[in-house]
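Please find below a note on the model under review.

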Amino acid sequence: MDRLVALGLPTVPGITIPVPSARDLTDPAVARQVVDLMEELVGRQVGGGDHPMLLRLLASAPMAASGLPPQVPGIGLTPKNATSLADLIGRQGDLFDIWASVLRLVAEDALDVSPDALEDALDGVTTEAGRVEALLAVCATKGTGPVPEDPADQLALSATALLHRWSSPRGCRARRSQNLPDDLGLALHVQAVHIGPWQRSGIGTASSRDPDTGAPIPTGTFHRGVRRSALPTDASGEPLSALPGGIDLLKHTLATLEHHLRDVAEVTFELRDGKLSLLSATALGRPTPRAGLRLAVDLANAGTIDRKAALRTVRPQVVQELLHAQLRLTGDENLLVKGLAASPGAARGLVVLSPQRALELAAGGVPTVLFSSETTPGDVPALLAAVAVVTTSGGLASHAAVVARGSGTPAVCGASELRIDTISGTVRAGGHTVREGDIVTVDGRSGTVYVGEVDIRPAEPPAELDTLLAWADDERVLRVRTNADTVRETEVALRLGAEGIGLCRTEHQFMGDRLPVVRRYLLAQDDAAQREALDALTDAQCEDFQGLLRAVGNRPVTVRLLDAPLHEFLPHDGVYEDEAQRTRALEMREVNPMLGLRGVRLALLNDDLYPAQAEALFNAWVMVSQEGITPQLEVMIPLVSLPEELVIAIDQVRKAADKVAEQTGVRVPYLIGSMVETPRAALLADQLAMHVDFLSFGTNDLTQMTYGFSRDDVESRLLAGYVERGLLAVSPFVEFDLEGVGALVAIAVQRARSVKPTIKLGVCGEHGGDATSIQRLAPLGLDYVSCSPQRVPIARLAAAHTVIEELL
């Protein structure tokens with residue numbers, strides 16, 4: 001209250017009697033001095049005059065304690081003035097109800113009226129006025145004296161009652177249960193209560209920000225009239241817009257408090273005859289994402305805090321909540337299943353159990369949720385068409401999760417409790433059965449799926465987010481790129497502040513309609529058939545590259561040559577073009593495809609693959625350069641373990657560049673680099689660095705191979721149990737493992753820079769979009785991180801936090 005007064009804010013006039021002097025207030029002479037001082041301070045007379053007031057007595061302890069005596073709100077009421085005061089208020093019943101509560105407290109704890117006598121006196125009394133009359137009578141006949149009419153004597157008795165209640169056996173037991181000292185004292189607070197019309201009086205609570213929009217609009221409830229306690233216990237009340245005088249009464253007060261507290265302010269207040277007074281004020285502590293963000297920017301713009309402080313107050317996770325639709329949960333939802341939170345956002349739609357059905361309904365504008373055991377490259381069109389995807393297997397780095405994050409589609413993966421029956425068209429889990437065509441709601445942020453419709457709040461990032469992220473860009477050292485394979489993903493990422501593409505997965509351009517052509521290339525029985533298929537792929541990829549390069553503009557773009565595990569391209573449905581293709585496909589199946597014929601290994605066994613991809617890329621660059629667009633090309637070789645593999649692949653790329661230069665007369669500028677996805681590559685980073693311009697750490701695979709965890713299998717089956725038992729704090733695929741994988745990255749960085757100090761180093765795994773991971777990665781000496789488009793803002797803010805916290 002002292003601080004509120006110092007800020008010049010309206011407070012309830014009052015006098016505090018500190019703990020050592022609290023008992024002095026039981027002396028009527030001291031109480032008389034307090035009453036006289038209160039009347040002088042307020043300019044009103046207690047219980048009478050043209051503008052009467054009453055007094056309220058409260059108790060507080062010098063430390064947090066429950067079980068404090070109740071407040072005494074009606075000091076100054078007498079049989080002589082009660083009727084006139086009730087007429088002024090306009091609610092006799094309310095006033096007499098408060099008076100009765102005061103009389104009972106004083107009777108029992110100050111005038112020694114026994115509880116039995118009180119119950120006998122009140123037996124059969126049904127009106128508030130009757131209760132007051134009965135209590136006055138029992139005090140006069142059964143107590144140590146009648147209830148005095150002088151307000152000073154009433155104040156002294158009220159102080160006696162509160163201190164007696166605090167020192168009673170009940171009060172002592174309450175303190176012992178909280179491990180508080182038996183002799184813990186009380187301070188007493190005398191406050192003025194202005195008397196005015198019921199319609200223009202009341203109490204309420206208000207916060208300084210609208211929780212939904214974050215706008216600086218007072219939000220809360222108002223309880224009209226007079227009440228026993230400062231805070232109503234029920235949930236009823238009127239909106240603040242019903243305040244006599246409107247919310248303008250609170251705007252200046254709450255704005256002042258925000259700048260003082262540097263947080264969303266929350267107050268309790270009372271209104272007496274239209275005059276506002278604060279009863280308490282505090283910082284809200286954990287405001288809603290929108291409120292916290294807008295407050296931080298407003299305070300910085302006003303000069304109350306600097307921009308670094310504003311950045312510190314907004315957690316990167318908050319940005320994610322602002323960028324994605326969120327569920328409005330009530331607690332009455334029917335949970336179908338919980339899995340891994342694979343891609344944030346919320347959506348609802350009809351259950352579909354096949355990619356074909358998802359495409360059919362989506363073509364008619366019907367929102368669908370695709371349920372599947374797992375997804376394959378051939379399912380990409382359906383994944384992009386559905387509003388959400390749910391899989392029973394796979395982890396955070398699975399095919400469905402990666403595609404969903406890239407497209408901004410909510411996804412739940414690894415929901416192993418689900419039982420999908422495509423024959424009966426049902427999905428069962430958690431005692432619920434939903435049928436194809438039923439509505440479900442998916443929350444990709446929490447990994448939950450609900451039966452039926454749940455209200456969804458669409459993503460509406462406030463303009464202040466762009467302001468805050470621009471400030472973050474001014475602070476951060478770590479660059480932020482995106483993992484994008486299509487024009488749409490690139491445009492989204494650039495709009496969200498990406499500085500280029502750090503990973504274009506060329507295998508994703510082979511999915512969907514082009515998947516049969518890829519299969520024909522991989523399963524070709526002779527050179528002619530393979531060449532024909534490769535030519536078709538090269539033409540298609542050149543077209544894709546042109547669109548991608550136009551979208552990225554003059555920014556850097558890292559194109560990774562083919563790196564998908566072979567099994568993703570082979571037929572999964574048992575349908576082959578002919579028997580020869582079937583035989584070839586069975587021959588190529590691998591026991592562990594994630595560690596099999598993929599990346600540079602496939603290119604070395606098919607030595608026309610990478611040259612064809614590189615030609616398509618370089619030709620695309622030549623074409624867009626004629627339009628005045630000159631992207632900064634970076635070609636990346638994946639899954640390298642041997643320096644010799646890298647040398648061969650680099651030679652293939654260089655020959656392709658020479659061929660394009662000879663055909664077009666344009667020497668395409670490009671950098672060549674290697675991914676570091678295997679522990680051996682990390683340990684031999686100095687040898688790799690001698691041949692390349694940059695290294696990019698694929699932390700998804702590096703984590704998988706360092707732990708020996710299959711990223712598609714262990715998330716739901718193993719890691720959830722490990723986290724539950726405390727063996728791991730969190731999945732290493734979610735947050736970067738600094739001790740193990742981080743040690744390998746640190747070694748690789750040191751060794752690479754020892755032979756080439758200026759080599760560019762980045763991260764293109766999903767850890768590049770996780771705030772905690774960025775804080776662990778930044779000190780290792782990297783130049784940039786790359787992440788899914790929707791996580792770019794998170795990375796920008798997290799990268800700024802690493803710099804700001806380092807300066808603290």
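**Pockets, barrel and helix packing**

1. The largest pocket holds about 1,100 Å³ of space; the model in which it was computed is a predicted one. Its lining comprises 43 residues, and L58, A59, H189, Q191 and L279 are the closest to the centre. Among the elements that give two or more residues to this lining are β2 (53-60), β4 (187-194) and β9 (275-283). Helix α4 supplies the largest share, five residues. By class, the lining of the largest pocket has 24 nonpolar, 13 polar and six charged residues.

2. The second largest pocket contains about 880 Å³ of space. Of its 39 lining residues, A341, L396, R445, V730 and V734 lie nearest the centre. Two or more residues each come from α12 (316-323), β12 (340-343), α27 (714-724) and α29 (771-777), with α27 giving the largest share, five residues. This lining divides into 16 nonpolar, 13 polar and 10 charged residues.

3. Eight strands, running in order from β23 to β30, close into a barrel with parallel pairing. On average, neighbouring strands of this sheet are turned by 25° against each other, direction ignored. Strands β23 (residues 479-483) and β30 (residues 784-787) pair in the parallel sense over four bridges; R481 has S786 in β30 as its bridge partner.

4. Helices α17 (residues 487-495) and α19 (residues 527-552) pack at about 10°, their axes 9 Å apart. Because of this angle, α17 is roughly parallel to α19. In the contact, V487, T490, E491 and L494 of α17 meet G547, L548, A551 and V552 of α19. These residues comprise five nonpolar, two polar and one charged.

Key:
Residues numbered from 1 in each chain as written. Predicted model: local features only at pLDDT ≥ 70, side-chain atom pairs only at ≥ 80, totals over all residues. Heavy atoms only, no water. Pairing = 2+ DSSP bridges. Axes fitted to C-alpha atoms, helices over the stretch in contact; angles between N-to-C directions. Parallel < 35°, antiparallel > 145°, perpendicular 65-115°, else oblique. Contact = heavy atoms within 4.5 Å. Nonpolar A, V, L, I, M, F, W, Y, C, P; charged D, E, K, R; others polar. 1 Å grid on protein atoms, 1.4 Å probe; cavity = no way out; pocket = protein on both sides within 12 Å on 5 of 7 lines; lining within 4 Å. Points joined across faces, edges and corners; volume = space filled by probe spheres on them.
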